[in-house]
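Here is a short briefing to read alongside the coordinates. Take a look at the structure first, and then we can walk through a few of its helices, contacts and cores together.

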Amino acid sequence: MPIQRSLSHPPTTMFESIHAVLVDFDGPVCSVFAGCPAPTITEQMLTLVNGVPRRLVDQLHRATGPHELLALAAHLAPRLTDALEFHLQTAETHAVATATPTKGAHDFMYACRQAGYRVAMVSNNTSQCITRYLEHHHLTDLVAHVQGRDPHDPHLMKPHPHLLITTLNQLGLKPSQAVMIGDQPSDITAAHSAGVGGIGFARTAERHARLVEAEADYVIDAWEELTCQFRRRVTSQ
C-alpha cells in the first residue's frame, strides 16, 4: 500500500478484502487515564523499584509512561516485572472507570458492524481494563475479540507483532484480511511486522508527523472519515 503523507480518506479499495478492523484502545477508543493521569501511575510504580543497582534505577526513571516502564523493567530488571504488572493491571482497571470516550469511536464501531467488519481491540492495556470499558458503555456485542498484553511477558507488547498475530489466529483470518488502526508508531510497526495494513489515527500535527515517519499506510484525524465511508458502503449495497 502507498504511504499517504497527508490527512486523507483511505481509499475504499483498501477495505475490499478486509474482514476485520483491529483497533488500539487507549487513544483511539478512549482516554484511559483521563481521570487518573499516567504520570501518577508511573510514579507509583517507581516506588516498587528497589534492590537493583543505581544505574538501572536511573534508567528506569527515564520511562515516560507506565507501559514503557514495564517494558524497560522486563529488559533491565526482570524480577520486578510481576510486581509492576500487578500494579499496572490494578491501576488500569481503576482508571478505566473514569475514561472519556474518543469522539466518534463508538459510532465507528457501530458502522463497522453495519458494513460487515468484525472489530477487535488490540492493545498494550490489560484485557480486563478493555472489557470493563466495553461493558460499561454497552459495546461488548460490537467487539469480536479483545487482545490485551500478555501479563507474563511484557516483551510481547507492541511494537512486537504478537498481539496482532494472536488476534488474527483467534479470528481465523490472514494478515491481508485485516487492518490495524492506532495512534502510536508502535501500532504501525506491529501491524507491518504482522503483515497487516496500518492506518494512523492522529488528532495533532505532531502525532501525524510521527505516524508518517513510522510509514503508516494512511493517516486519519477523526473517526468520522471512516464511519461515513462505511455507511456509504452499506447504503450502496
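This is a predicted model: local features need pLDDT of at least 70, side-chain atom pairs count only at pLDDT 80 or more; totals for chains, interfaces and linings use all residues.

- Q89 sits in helix α4, which covers residues 81-95.
- Beyond its neighbours within four places in sequence, Q89 is in contact with T126, Q128, R149 and P151.
- The axis of α4 comes within 8 Å of the axis of helix α6 (residues 127-136), and the two cross at roughly 10°.
- Angles under 35 degrees count as roughly parallel, so α4 is roughly parallel to α6.
- On the α4 side, Q89, E92, T93 and H94 take part, and they meet Q128, C129 and R132 of α6.
- By type, the residues of this contact are one nonpolar, four polar and two charged.

- L80 lies in the loop between α3 (66-76) and α4.
- Is L80 buried or exposed? With a relative accessible area of 5%, L80 is buried, because buried means under 20%.
- Leaving out residues up to four places away in sequence, L80 touches L48, V49, N50, V52 and L60.
- L80 and G51 are 29 residues apart in sequence, while their C-alpha atoms are 9.4 Å apart in space.

**The nonpolar cores**

- The largest nonpolar core has 59 residues, and F15, F25, F108, M121, Y133, W223 and F230 touch the most other members.
- Helix α5 (residues 105-115) supplies the largest share of this core, with six residues.
- F15 is in contact with P10, Y117, V179, I199, L226, Q229, F230 and R233, again leaving aside neighbours within four places in sequence.
- A second, separate core holds 15 residues, including A20, L164, L171 and A190.

**Helix α8 and its cover**

- Which residues of helix α8 (residues 185-193) are buried? They are P185, D187, I188, A190 and A191.
- The cover over these buried residues includes the helices α7 (162-171) and α9 (205-213), along with the strands β6 (178-182) and β7 (197-201).
- After α8 comes G195, which has a positive phi near 85°.

Methods: Residues are numbered from 1 along each chain as its sequence is written. Side-chain values use heavy atoms; hydrogens and water are left out. Helices (H or I, at least four residues) and strands (E, at least two) are DSSP runs, numbered from the N terminus. Contact means heavy atoms within 4.5 Å. Axes are lines fitted to C-alpha atoms, for helices over the stretch in contact, and angles run from 0 to 180 degrees between N-to-C directions. Angles under 35 degrees count as roughly parallel, over 145 as roughly antiparallel, 65 to 115 as roughly perpendicular and the rest as oblique. Ala, Val, Leu, Ile, Met, Phe, Trp, Tyr, Cys and Pro count as nonpolar, Asp, Glu, Lys and Arg as charged, and the others, Gly among them, as polar. A nonpolar core is a set of buried Ala, Val, Leu, Ile, Met, Phe, Trp, Tyr and Cys residues joined through side-chain atoms within 4.5 Å. Buried means under 20% relative accessible area, exposed over 50%, partly exposed in between (1.4 Å probe, protein chains only).
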